[in-house]
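Trainee: I have a model open and would like to learn how to read it. Could you walk me through a few features?

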Amino acid sequence: MIAMDISIHTSFLPHDDPDASAAFYRDVLGFEVRSDVGQGKMRWITVGPAGQPSTSILLAPPAVDPGITENERRTITEMMAKGTYGWILLATPDLDGVFEKVRASDTEVVQEPTEQPYGIRDCAFRDPAGNLVRIQELR
Amino acid sequence: MCLPAWGRARMTAQHLSDLARLRRVRDRIDREYAQPLNVEALARGAGMPPGHLSRQFRLAYGKSPYAYLTARRIERATALLLNGDLGVADIRRMVGCSSPDVFRTHFTELVGMPPRAYRHRAVDTVADMRPWVPEQAAKTAGLTGTRA
């Protein structure tokens, strides 16, 4: 069998206010904006950590596939507002530094840095679209 | 044609901002479960009457804020019981439950056995015992309630 060479290239998170989401990932988490296409609410914004060009997050408008019904679209919008739709897990060696930066901004904190009994230390907060961003400490 | 559409858009925006307000209540429970929280304090923080908050929260999340808070505390307690040497009373206080009886009752209702039995079984079962997760138990537990 031939070994496959596949990397995880782009992950997706929905936005409902493209400018607010882009500002959050750029100004609070320090990501670079790699591309920004479309206009109005129909914006596709690629962001990612500086120095790691091979991994990106695409901030995209939710539920725009024409195969999605009106009911499904409403459900997705409601789940985003409820905070039960999008989430992502990030990691950093400096959890406390990142958390202080996040707390100093307007971000809604869900969990302060906590030592979990199952062997990791992590924190959690919301991005402007209500996605749960969980960050765990690399150690 | 325009006016009803505007009305609908306004209602949708209001509905979504109400849901976002409930999300902040839920996040506050996740953040502050270890403190002496109750529905009155949560309602005050959210700027809505307690009864209204409970009803809307249950509509959105399928259980009342009190049931969600309790499930969060018990979930955290199971994790602490599985790992570490803390006593049951210490763990109960750490997760924000002041009454031993209430803690024991809720724990037994949600997990299916009292805290001490849970820990003993964890010690006996050397194989991995995962912390109990509320969503998995939601179907069987009366406390979590049903979607209204």
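This is a predicted model: local features need pLDDT of at least 70, side-chain atom pairs count only at pLDDT 80 or more; totals for chains, interfaces and linings use all residues.

Trainee: Let's start with the fold of chain B. How many helices and strands are there?

Mentor: Chain B has 8 helices and 0 strands, so from the N terminus its elements read α-α-α-α-α-α-α-α. Of its 148 residues, 42% are buried. If you take the contacts in chain B between residues at least 6 apart in sequence, 62% of them join residues at least 24 apart.

Trainee: Which residues of α6(B) are buried?

Mentor: First the general idea: an α-helix has 3.6 residues a turn, so residues three or four places apart point the same way. In α6(B), the buried ones are B:F103, B:H106, B:F107, B:L110 and B:V111. They cover an arc of only 105° around the axis, which means they sit on the same side of α6(B).

Trainee: And what comes just after α6(B)?

Mentor: B:G112, with a positive phi of about 100°.

Trainee: On to the interface. How many residues of chain A and chain B are in contact?

Mentor: 16 residues of chain A contact 16 residues of chain B. The area buried between the two chains is about 1400 Å², and carbon and sulfur atoms give 52% of that. On the chain A side, A:A81, A:K82 and A:P117 lose the most area to chain B, together 39% of what that side buries.

Trainee: What about polar contacts and salt bridges there?

Mentor: There are 10 residue pairs in polar contact across the interface, both residues at pLDDT 80 or more. The salt bridge count between the chains is 3. One salt bridge joins B:D27 and A:R126, with the closest N and O atoms 2.7 Å apart. As for elements, α2 (70–82) and β6 (109–115) of chain A each supply at least two residues of the side that touches chain B. The element that gives the most to that side is α2(A), with 5 residues.

Trainee: Last one: is A:H15 buried or exposed?

Mentor: Buried, because its relative accessibility is 1%. A:H15 lies in the loop between β1 (10–14) and α1 (18–28) of chain A. A polar atom of its side chain is 2.9 Å from the backbone oxygen of A:R43. Leaving out residues up to four places away in sequence, A:H15 touches several others, including A:S21, A:K41, A:L59 and A:M80.

Trainee: And A:P14, where is that found?

Mentor: In strand β1 of chain A. A:P14 also counts as buried, at 1% relative accessibility. Among the residues A:P14 touches are A:A60, A:Y85 and A:N131.

Methods:
Residues are numbered from 1 along each chain as its sequence is written. Chains are lettered from A and ligands numbered from 1 in the order in which they are written. Side-chain values use heavy atoms; hydrogens and water are left out. Buried means under 20% relative accessible area, exposed over 50%, partly exposed in between (1.4 Å probe, protein chains only). Helices (H or I, at least four residues) and strands (E, at least two) are DSSP runs, numbered from the N terminus. The arc is that of the directions from the helix axis to the C-beta atoms. Contact means heavy atoms within 4.5 Å. Buried area is the accessible area (1.4 Å probe) that two parts lose on being put together, summed over both. A salt bridge is a side-chain nitrogen of Lys or Arg within 4 Å of a carboxyl oxygen of Asp or Glu. A polar contact is a pair of N or O atoms within 3.5 Å; within protein, one must be able to donate a hydrogen and the other to accept it, and residues adjacent in sequence count only if both atoms are side-chain atoms.
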